Each structure stands twice: as C-alpha cells, then as structure tokens.
Amino acid sequence: MRLVSSILLAALFIQPTFSFAKKKKNQPTFLSGVVEQCHDGDTCRVRVKGKIAKIRFAGIDCPELSQKYGKQARNFTESLVKGKQVDLECDGKSFDRLTCVVFVGDKNVNLMIVQHGWAYDSTKYSKGRYLASVGEAKSQRLGIWADKNLTSPYCYRHKTNKKCALDQSYMP
C-alpha cells in the first residue's frame with residue numbers, strides 16, 4: 001500500500017519538461033535556458049533543464065536559410081542570443097517547436113530582430129504587434145528592407161499561393 005501511495009504521490013509532481021497539458025488556456029509558459037545554436041533567424045535550440053528545446057520566435061518571420069538574406073538573419077539572431085541565458089514566454093507550438101517571445105535580460109529579442117530589419121511581422125500570429133517596428137525598419141532601409149525586390153518568407157515557402165503570385169511580398 002505504501003508503494004502505491006508513493007508512486008501516486010510522485011506522479012502528481014512529475015511533469016514533462018515542455019508539456020502544455022496542465023496549462024490553462026491563454027496562459028503563457030515561462031522557461032529559461034541557454035541558446036546553443038540557431039537554425040535560422042527565427043528558430044534556435046535552447047538548453048532548458050538539461051534538455052534541448054526547439055524554439056520558434058513567436059510572431060515574426062525571418063528569411064529562410066536558403067533564401068536571400070537568410071544567413072544574415074541567422075547570424076544577426078545568433079549575435080544576440082548564442083551562448084546567452086534567455087527567458088522564454090511560450091504560448092504554443094508550431095510543428096515540433098515551442099513558439100516563444102525570447103528575452104535576454106529585459107530586452108525582447110523578437111522585437112530587436114524586427115527593429116534591425118531582419119524579420120517580417122507575422123500578423124496572423126502577432127496580431128500586428130511588430131508592424132510599427134517593421135515600418136520603421138523599412139523607412140530606414142535596414143537589413144532585408146534595403147532590398148526593394150523582396151520575396152517574403154511565406155511566399156518563398158508557398159510558391160504556388162495565389163496571393164503570392166500577385167505580390168511576392170505578401171505576408172498573412
């Protein structure tokens with residue numbers, strides 16, 4: 001009987017490190033870790049509690065690695081976070097990645113990437129949170145916005161999309 005009680009008690013306190021099962025709707029999950037590497041400008045691997053978590057920067061979309069400016073966007077993001085302690089405010093998942101706003105100290109890294117011209121505001125997910133910063137980066141011709149002939153990351157990934165056929169800069 002004691003063994004069964006001990007197992008039940010232990011089960012109450014053991015939770016998967018990256019589980020959202022116990023999370024109440026619309027409440028973010030907060031994690032901390034160290035960035036090991038970035039795959040591209042908006043996806044990094046972060047060591048959290050001894051495990052690697054794939055993190056997708058919420059609400060922004062950087063050029064794909066194989067796309068024009070992709071490597072520059074990744075290098076910029078890595079310059080901000082690689083090897084650093086980050087705090088993550090995660091609100092869901094995208095494929096096998098947690099979607100998070102990433103902070104180094106009190107600095108919002110997602111916002112910094114946009115402000116320096118290396119990302120689009122993905123309004124479908126951000127609800128326009130970064131639109132003003134995109135506008136400022138465009139007006140100053142920073143990062144990707146130095147180029148007037150851009151293909152958005154969305155259109156790069158969805159080459160047959162009808163809206164992209166009309167406007168290569170389309171972002172949902």
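Predicted model: local features only at pLDDT ≥ 70, side-chain atom pairs only at ≥ 80, totals over all residues.
Local features were considered at pLDDT of at least 70 and side-chain atom pairs at pLDDT 80 or more, whereas totals for chains, interfaces and linings use all residues. Residues are numbered from 1 along each chain as its sequence is written, and side-chain values rest on heavy atoms, without hydrogens and water.

The largest nonpolar core comprises 42 residues; such a core is a set of buried Ala, Val, Leu, Ile, Met, Phe, Trp, Tyr and Cys residues joined through side-chain atoms within 4.5 Å. Ile 55, Val 81, Leu 88 and Ile 113 touch the most other members. The greatest contribution by an element comes from strand E6 (residues 97-104), with five residues; strands (E, at least two residues) and helices (H or I, at least four) are DSSP runs numbered from the N terminus. With residues up to four places away in sequence left out, Ile 55 touches Asp 42, Thr 43, Cys 44, Val 46, Leu 88, Leu 98, Cys 100 and Val 102 (contact: heavy atoms within 4.5 Å).

The largest pocket has a volume of about 830 Å³. A pocket is an open set of points on a 1 Å grid over the protein atoms alone, with protein on both sides within 12 Å along at least five of seven lines, and lining residues have an atom within 4 Å of a point. The volume is the space filled by probe spheres set on the points, the probe being 1.4 Å. Of the 35 lining residues, Ala 58, Gly 59, Thr 99, Ser 122 and Tyr 125 are the closest to the centre. Strand E5 gives the most to the lining, with six residues. By class, the lining holds twelve nonpolar, nine polar and 14 charged residues.

Three aromatic pairs are present, a pair being rings of Phe, Tyr and Trp (its six-membered ring) with centres within 6.5 Å, stacked under 30 degrees between planes, edge-to-face over 60 and tilted otherwise. Tyr 120 and Trp 145 form an edge-to-face pair, at 4.8 Å centre to centre and 65 degrees between the planes. Because Tyr 120 lies in strand E8 and Trp 145 in the loop between helices H5 and H6, this pair ties together parts 25 residues apart in sequence. Tyr 120 and Trp 145 are both buried (under 20% relative accessible area; exposed is over 50%, partly exposed in between, with a 1.4 Å probe and protein chains only).

Tyr 154 and Tyr 170 also pair edge-to-face, at 5.7 Å and 75 degrees. Tyr 154 is buried, at 17% relative accessible area, while Tyr 170 is partly exposed, at 22%.

Terms used: Nonpolar A, V, L, I, M, F, W, Y, C, P; charged D, E, K, R; others polar.
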